[in-house]
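The sequence and the structure are shown first.

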Amino acid sequence: ATMSKVSREFLRQHIDEMLTESAEKKRNFTETIELQIMLKNYDPSRDKRFSGTLKLPHIPKPRMKICMLGDQKHCDEAKAAGIEAMDVDALKKLNKDKKLVKKLAGKYDAFMASPTLIKQIPRILGPGLNKAGKFPTLVTHDVNLSDKVTEIRSTIKFQMKKVLTLGVAIGRVDMEAEELLMNIHQSVNFLVSLLKKNWQNVRSLNIKSTMGKPQRLY
């Protein structure tokens, strides 16, 4: 499907404008670019809430901190690949202390877990990771950990909550305009496919860098 409502040229023009503005007002951090969507003809309390995940062609979140909650084999693999890891004893040391679990959830953006460990997490840590929306992704031993990290960093999630606005990070200002174009293109198509009435449910689409002004696409 094509982004029938937003032409490639129009999108490219807005991306260029946003990148130029960001370059002129250089910040001391790399700004994230967010796709912001406002919905219409949707009743969050009555209509089915949707959710979907999409793997983007270009990594939008390369600095995302990920921790492996692993068995011995996975912990060794993670260390060899430069991925932070915790074994079952390290998790037990947190003593199910809510504050410590919350601190752990705050330290990382996402978690991976070995099959033997994932079942024990609620028992060892309580509901803290789940509450933070960071329940670990299951990783089996036939999967390369570095590839899995890349996949997690490339994946975005659209989830309908109680409000009619959604925002997802689709890139950063230090990416090429063409890479951003591909990421935005795929994100919009995917989101529209999740909506009951497709484009008729979209009130507006904006792209915005962290400190920049919104660029209206639709």
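Which residues of the largest nonpolar core touch the most other members? In this predicted model, that core holds 34 residues, and those touching the most other members are Ile 15, Leu 35, Ile 37, Phe 50, Ile 170, Ile 184 and Leu 205. At least two residues of the core come from each of helix 1 (8–24), strand 1, strand 7 (155–159), strand 8 (165–172), helix 9 (177–194) and strand 9, and helix 9 gives the largest share, with seven residues. Beyond its neighbours within four places in sequence, Ile 170 is in contact with Ile 33, Glu 34, Leu 35, Leu 56, Pro 60, Ile 156, Leu 180, Asn 183, Ile 184 and Ser 187. Another core, of 17 residues, lies apart from this one, and Leu 69, Leu 104, Ile 118 and Ile 121 are among its members.

**Strand 9 and its partners**

Strand 9 (residues 202–209) has six of its eight residues buried, so the rest of the structure largely encloses it. Strand 1 (residues 32–39) runs antiparallel to strand 9 and is joined to it by seven bridges, with Leu 39 having Val 202 as its bridge partner in strand 9. Strand 9 also pairs with strand 10 (residues 215–216), again in the antiparallel sense, over two bridges, and here Asn 206 stands opposite Arg 216 of strand 10. Strand 9 and strand 10 form a hairpin, with five residues between them.

**Helix 4**

Leu 104, a member of the 17-residue core, belongs to helix 4 (residues 98–107), where Val 101, Leu 104 and Ala 105 are buried. Viewed down the axis of helix 4, its buried residues fall within an arc of 100°, and they therefore line one face of the helix. The other side of helix 4 carries the exposed residues Lys 99, Lys 102, Lys 103 and Gly 106. The packing partners of the buried residues of helix 4 are strand 4 (84–86), helix 3 (88–92), strand 5 (110–113), helix 6 (121–125) and helix 7 (128–131).

**Aromatic pairs**

The structure holds four aromatic pairs, and the table describes two of them, Tyr 42 with Phe 50 and Tyr 108 with Phe 111.

| Pair | Distance between ring centres | Angle between planes | Arrangement |
|---|---|---|---|
| Tyr 42 and Phe 50 | 5.9 Å | 80° | edge-to-face |
| Tyr 108 and Phe 111 | 5.6 Å | 70° | edge-to-face |

Tyr 42 is buried, with a relative accessible area of 10%, and Phe 50, whose relative accessible area is 7%, is buried as well. Phe 50 is also one of the residues listed above as touching the most other members of the largest nonpolar core.

**An exposed glycine**

Is Gly 133 buried or exposed? Gly 133, which lies in the loop between helix 7 and strand 6 (137–138), has a relative accessibility of 63% and therefore counts as exposed. Although Gly 133 and Ala 110 are 23 residues apart in sequence, their C-alpha atoms are 9.0 Å apart in space.

Definitions and conventions:
Residues are numbered from 1 along each chain as its sequence is written. This is a predicted model: local features need pLDDT of at least 70, side-chain atom pairs count only at pLDDT 80 or more; totals for chains, interfaces and linings use all residues. Side-chain values use heavy atoms; hydrogens and water are left out. Buried means under 20% relative accessible area, exposed over 50%, partly exposed in between (1.4 Å probe, protein chains only). Helices (H or I, at least four residues) and strands (E, at least two) are DSSP runs, numbered from the N terminus. Two strands pair if DSSP finds at least two bridges between them. A nonpolar core is a set of buried Ala, Val, Leu, Ile, Met, Phe, Trp, Tyr and Cys residues joined through side-chain atoms within 4.5 Å. Contact means heavy atoms within 4.5 Å. The arc is that of the directions from the helix axis to the C-beta atoms. Rings of Phe, Tyr and Trp (its six-membered ring) pair if their centres lie within 6.5 Å; planes under 30 degrees apart count as stacked, over 60 as edge-to-face and the rest as tilted.
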